[in-house]
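This report concerns a predicted model. Please consult the sequence and structure shown below while reading.

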Amino acid sequence: MIRLEHKGPILEILIDRPERRNALTDAMYREIDQALQAADADPACAAIILHGAGGHFTAGNDLAEFQVPHSSRDVGSIAFLHTLASINVPIIAAVQGQAVGVGVTLLAHCDAVYADRSTIFRLPFVSLGLCPEGASSYLLSRLAGPRRAARWLLQAQPFDAEEALAGQLINDIQDDPLAAARAYAQALAAQPVQAVRASKQLLRAPDRDTIHQVLDAEAAVFFERLKSAEAQAAFQRFFARKG
């Protein structure tokens, strides 16, 4: 479930599925996508805060949905990622607990990210027989450097908040990431809203076409990988452990 709360000019988007550590379904991606688009269309919206319920950010995509055949053209996550890369309203993420898969890759699109020391980040795509998504094959190298990005993506091992900070995936480590995100959003709201949006657009413009191209290229490979024997074997092992 996705919960929206408007606090004056600031929109808070809460990923609220704590029983599954906020794993995202197709319907949830579509809800967030619609909320982002509505915020971008609202000239009074100064900032968006994205956070998770129950002590976790998000465990990433609900893997049960990968058992249903899809093409990259009819999946809510792809539309959500394109919207995330397109809008000019600043986005701030407050992260704790688990941040897995798209719960990590989406952070590279945010304008500010705060995490607490409990946060564990993981990009498990290769271990699931898949490939990077969210334009992470491009953005993480730019943020963290090619060798650190390769370690995160190719080894698929967890890393902590200190490592995320060193790799510029997050802005800061805070005891209360949501309070830090709210303070950042309030500071943005104190500025002329359209000037902030125009400035973000200029900051992002040089990379936006490339990011959209990478999103589509990754998605094409990702959905082919879903059909592979490697991926299907990895999913069988995953669900066997869960069973």
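The sections below describe the basis of the model, one glycine and the aromatic rings.

## Basis of the report

Because the model is predicted, local features need pLDDT of at least 70 and side-chain atom pairs count only at pLDDT 80 or more, while totals for chains, interfaces and linings use all residues. Residues are numbered from 1 along each chain as its sequence is written, and side-chain values use heavy atoms, with hydrogens and water left out.

Glycine 103 belongs to helix H3, residues 102-105 (helices are DSSP runs of H or I with at least four residues, numbered from the N terminus). The relative accessible area of glycine 103 is 0%, so this residue is buried (under 20% relative accessible area, with a 1.4 Å probe and protein chains only).

Beyond its neighbours within four places in sequence, glycine 103 has contacts with Phe57, Thr58 and Gly60 (heavy atoms within 4.5 Å). Asparagine 61 is 42 residues from glycine 103 in sequence, and their C-alpha atoms are 8.3 Å apart.

## Aromatic pairs

Seven aromatic pairs are found in the whole structure (ring centres of Phe, Tyr or Trp, the latter by its six-membered ring, within 6.5 Å). The tryptophan 152 and phenylalanine 159 rings are stacked (planes under 30 degrees apart), because their planes lie at 5°, with centres 4.2 Å apart. Both tryptophan 152 and phenylalanine 159 are buried. Together with Phe121, Trp152 and Phe159 form one aromatic cluster.

Phenylalanine 238 and phenylalanine 239 have ring planes at 80° and centres 5.2 Å apart, so this pair is edge-to-face (planes over 60 degrees apart).

Note on methods:
Helices (H or I, at least four residues) and strands (E, at least two) are DSSP runs, numbered from the N terminus. Buried means under 20% relative accessible area, exposed over 50%, partly exposed in between (1.4 Å probe, protein chains only).
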